[in-house]
Every structure is written in structure tokens, then in C-alpha cells.
Amino acid sequence: MMLKRILNPLWFINGLLFAAFFSFPLAVYAQAIPSSELINNAKQYDGKAVVYEGEVIGVIMERGGHVWLNVNDGKNSIGIWAQRNLVSALHHAGSYKAKGDWLAISGIFHRACLEHGGDLDIHALRIDNIKPGKAIPQRLNTGKMHFVLLLTGVLCLVLILRQLKRS
Amino acid sequence: MILRPCLDDIKNIGYYLGKIIIGVGLTMLVPAILGFSLGEINPALDFLAGLEISLIFGFLLTKLCFTEKDTNWMQGMIVVSLSWLAVMFLGAIPLYLSGHFKSYLDACFDTMSGFATTGLSLIQDLDHLSYAHNLWRHLIMFIGGQGIVIIALSFFMKGASGAFKMYVGEARDERIKPNVIHTSRFIWLVGLVYLVLGTLALGLIAFLEGMGPFNALFHGACVFMAAFDTGGFSPQSQNILYYHSLSFEIATITIMLLGAINFRLHYHVWMGNRKEIFRNIETVTLFIAIISTFFITAAGLAQTGIYPQAMALFRKGFYQLVSGHTGTGYMTVYAKQFINEWNHLALSGVICAMALGGAVCSTTGAIKMLRVGIIFKAMKQDIKRIIFPPQAVVLEKFHHIKKVFLEDKQVRSALMITLAYLLLYGIGALVGMWLGYPFLDSLFESTSAAANVGLSCGITNAAMPASLKITYIVQMWTGRLEFMSVFTLLGFCWAAIKGK
């Protein structure tokens, strides 16, 4: 009987409409949205499911079973609140010595998250590591080195001249 | 008749300027050592270059302009105003060499913003900056907040008479101890004691909030230096929002308020006179001003409905307000949110708070609480004069470490400086509008620059016109030095051209 009802086209269409209506607040923006768009039009995206891409930077801060990570898309960084198991595949966080992993975060955007004291944040539902980061090789800048050596010479000369004049 | 400056003037100015340049230059050793110890060789070289250039200039000036004479008032004031410009150009060298600035002007902007404890920034890709450069950004706030001349006074000066003139030139007119050099050393002592305590407190919070021990301590030290000296730089691009931590926000509010209190009051509280906190005109005025401006801001935010919960209102509304009032500029919202999500009423509350500032002889900028308190006392006295019988003698007094009877010259001085600040806020706003920015945005950013606050509604970025960058640099410089030494420098230049 139940199966018959579900297979009824009218019931099926009604069911779709019902699902569409109640999922409206969680409308998904399938394409990645830039941070400036999210910040400038925060009201429009508030409470909606969004995809946001960027480089994870700084430190991943563990808070109980969750973590805070900050993700920068080149313009701004946005805080991502995620369950700890979602970030287990992260390799690098961006810093002076490393390029951080480039992530795609699917989650709910909050203009002023009430759970987190009014922060503008995204509660992640899924995190994909699109492009793993890497350590940035540290090479000595020989131009700077020569410049410093030249300045050392000039400084020594000034100090010698001071001493000569004094004596 | 205007007298043209003589050779003695130039020599005295050059000699003491050279000493200050050497003093500030030597502080570049701190980030250089950190850079070498963390394997950040190229950043360390940037600081060696900056240090060597500073020493070359400093040694040349002290040699060429050698003098044993003490400075007079004019020379002392000019030494101060020129030394702030000189350290801006020299302090910007390692920042520019980092490759994180689009131009040398941008690096100078950030350096002046740092030394003047403003906090507006044009840096690019801050999240990939080295530890050494990041430490320098915060160290210049600590040095600038304590006073760059105070470094020289503490370690390089002998003559107390000339030293006092430079001390006053740097917007500090209160002697905490009878000798100005001892006063300077005391200011450093207060700063260093709080630096240790504040770094440990913030470091512990950061550690408990999920950061590793080294990063927690580094962030703790950096954020303390910028909070206590009411600067506003932060090691990451999200500013305080990066930490997502209520404890961190409460700790920084406490530190910002400590930085906004008069060093003389710190001294008296340290000496056991705790009652002074509750009866001092500055702390009372600061308390009333914070409550009043928060009421305006909260009313505005309530209209928008963006922060419906008390906690959100506290962490966004109150935090931004205290940050603005103390002249720090720490933010837990994005710059664009101010304009897009806060209404005009809420913004007006923050602008008023920024314009008022903290206590005199503290690390804050702006009009300052003593002057606001004096102006209100003067108004009260005038109202009493109207109400009371003509024969009545109306005296007004206030408590500032001791009981002080209000005098006309105090009121005149307070009103003059207040007027000068209002003009400075207005001029910056006019330049902003002339360059095409809306009125409220221009006023907000101009007030933030001139009052050495650092809150931004988005105007300050590397793409803004060079003329606006220079305007803000001048505002930060003039606002930090409280006009007199800058006006003296302008008068000196005028005398050099037109004098006989």
C-alpha cells in the first residue's frame, strides 16, 4: 500500500516539492564562492550551504572533537569549524616556510554565528584536499648577502674614520 | 622678525637625532637574532641591512654634529619630530626587503603605523610572513608606544634638562619621578613587567586553545606588545578573529585597558594607592565614555539585529568599541562588515570612541580623557557661574593623583588640543571624500588614522591612492606627537627660508 503511494506520480511530485521547500534555507551554491563575495554579501549567504576554496594557513587549533582552521583564498581568510576527522588528511598549513594545502570546504555559512559569539564562519560538512601543500625551499639570497657585506664595509669605514679623527 | 636657525641649532638637532637613530637601529638586532635562530636567513639579512644603514647614519650624524650643549625647547621638539620621520624611513627597510609590500611607500606606511601604534596596514600576504619580520612589526609598536625618544633618554642621555624637552615633545608631559630619565626608565619597567606577565597569560590561553607551545608564546608576545601599546597589529591577517577564542578576547580587552591608563596612575597603584583608580578624573571619564559610546553602538547594532545574543553583542560590539576607545584597533569583524552590516548609529558610536582615546601619558592617541574631563569640568563651572549669585566664588576641582583646582590655562590648553584633533580628523575625511570615498567611510578611516586607532572600514589597502597614504602617514605622525613638535618643525623650516 505504502509502496503504491510512493510510486504514484502525484505523490512523487508532491514529495519533491516538499523536499525543495524545506531544503530552501540550505540551498547549495555548487561553485566555490570567493571570500570577498561571502563577506560583502554575508546576509545573502547566511545559513546557506556554500563551497569555499583556499589555502589553510597558520595553526589548526583543536577544540574538543572539533578544530578551527583558517582558510585564505588570496583575498581574505575565513574561519572553518570542522569535526576533527574531516581534517585528518591535511599535510601542510601555510606559513613562511610552507605553502598550505588548498582545500575545498562544503559547509554552512554563518554571517554572525551564534554558536561562536557572532563570528563570520563556515561550519564544514565536507573538506576535500584539492592540492596538497609543500615546504618552501629556503635559498640564500646572494644579492642580499652582497648588499649586507657592502654595508658592513661602509660601516667599518665610518667607525675607522671616527676613531682616526678622535685620535 | 624671524631669526634664521644657526649652526648650533643644526648641530644640536643632528647630534641627538643621530643618537636616537642608533638606539632604534640597535633594536633591529632582536628580529635579526630570532631570524638566524629559526633558520630564516634571508629575513635576518634584511634586518642586518637595516641595522647597518641606521648605524651608518647615526654615527655620521653624531660625529659631524658633535656637541656637548644641551638642547633648548625648539631643538628638543624638532629632534622628536624628525626622529619619528627618520625611524620610519629606516624601520621600513627590512619590511620592504621582505617582499611583502608593493612599494617602499607602503612599507613606510606600515612602519609609521607601527611606531605611532595605529595598526592600519598595507602588507601583502601577511600569513606567509617570517617570524622575524612579524616580530619587528610588533616590536616597533612596543617601542613606539613606550616612546622612541624614551629609549634614547633611558640609555643614551645624560643631561636631564634637554631630555625633559624631548620627553615633552613626544606627547608626555607628566613626570612620574622627579628626574625625567628615571621617569623614562620607569615607563620601560612598567612595559617590561607587563610584557612578561601578558605574554605568559596570552601564551597560556593560546596553548589551551590548541596552538603549539612555540607558536602560543610567539603569538602571546606579539599580541601583548600590540595590545598594551594600543597598536593593533596581529601576526595573522584575520587579526584577533584568527583565534576564535572568548578567553583571548577577554585577555586582550584587559591588556588594552591597561595600556590606555596613565603610567603615572600605574606607578601610584604599584605603590599601593589603589583608591586612585576610582577617583582619578581620567579613569572616571574613561568609564563614562565607554558606557556612553557603547550605548550608542549597541543601540545601532540592535536596530540591525545582526547580533541578537548578549554574547555576540559583547564579542563584536563591545570588543570593537573598547578596541577603538583605547586606540588599539584590534578587530573581531572584517573591515567590510563595518560598512555593509553595521548601521550609521553603530559606526558613529565607534567613531566617537576612537576620537576620544585613553589617558594622557599612556600609549593611546586621540584627544584623551584628561582633556575631555577638564572640558566638562569647565562647562560645569560656567553653568554654576550662571546659576549662582554674582557674588559667589565658583571653584571647580578634580582629582588627578592629587586634588587640582581647575584653572583657565588648563581649559585653554585642553580646548586647543581638542580643536587641533577635530581639525585633523576633518582634514583627513575631506581628503578621503575628495578622492571619491563616501563621507562616513572617510571620516571613520581618518579618525582611526589621526587618533592612532587602526580600525578600518576597508579604505586602507595597497590600492588606495598614494596621496591618501601620505595623508594618513602625516595624520598618524601628527596625532601621535600631539601637534606641538610637528608645528615647531614647520616653524623651523619657515624660519630657515624666511628668517634673517
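How many residues of chain A are in contact with chain B, and how many of chain B with chain A? In this predicted model, 39 residues of chain A meet 45 residues of chain B. Six elements of chain A each supply at least two residues of the side that touches chain B: α3 (35-40), β2 (49-63), β3 (66-72), β4 (77-83), β7 (119-131) and α5 (142-166). Helix α5(A) gives the most, with 11 residues. By residue type, this side of chain A divides into 19 nonpolar, 15 polar and 5 charged. For the complex, the predictor reports an ipTM of 0.87 and a pTM of 0.90.

Now turn to chain B. Its secondary structure consists of 22 helices and 2 strands. Along the principal axes, the C-alpha atoms of chain B fill a box of roughly 65 × 60 × 50 Å. Of the 500 residues in chain B, 59% are buried. Take the contacts in chain B with a separation of 6 or more: 75% of them join residues 24 or more positions apart. Confidence for chain B averages a pLDDT of 91, and 96% of the residues score at least 70.

Helix α9 of chain B covers residues 180-208. It has 29 residues and reaches 42 Å from its first C-alpha to its last. That span is close to the 42 Å expected at 1.5 Å a residue. Which residues of α9(B) are buried? They are V180(B), T183(B), S184(B), I187(B), G191(B), Y194(B), G198(B), T199(B), L202(B), G203(B), I205(B) and A206(B). An α-helix has 3.6 residues a turn, so residues three or four places apart point the same way. Several of the buried positions can be read with that spacing in mind, including V180(B), T183(B), I187(B) and G191(B). After α9(B) comes G210(B), with a positive phi near 110 degrees.

A second stop is T293(B), in helix α14 (residues 281-304) of chain B. Is T293(B) buried or exposed? T293(B) is buried, because 23 other C-beta atoms lie within 10 Å, and 20 or more is the cut-off for burial. Leaving out residues up to four places away in sequence, T293(B) touches L321(B), H325(B), G349(B), C352(B) and A353(B).

Definitions and conventions:
Residues numbered from 1 in each chain as written. Chains lettered and ligands numbered in written order. Predicted model: local features only at pLDDT ≥ 70, side-chain atom pairs only at ≥ 80, totals over all residues. Contact = placed C-beta atoms within 7 Å. Helix = DSSP H or I, 4+ residues; strand = E, 2+ residues; numbered from the N terminus. Nonpolar A, V, L, I, M, F, W, Y, C, P; charged D, E, K, R; others polar. Buried ≥ 20, exposed ≤ 12 C-beta atoms within 10 Å, placed from the backbone. pLDDT = per-residue confidence, 0-100. Expected span 1.5 Å × (residues − 1).
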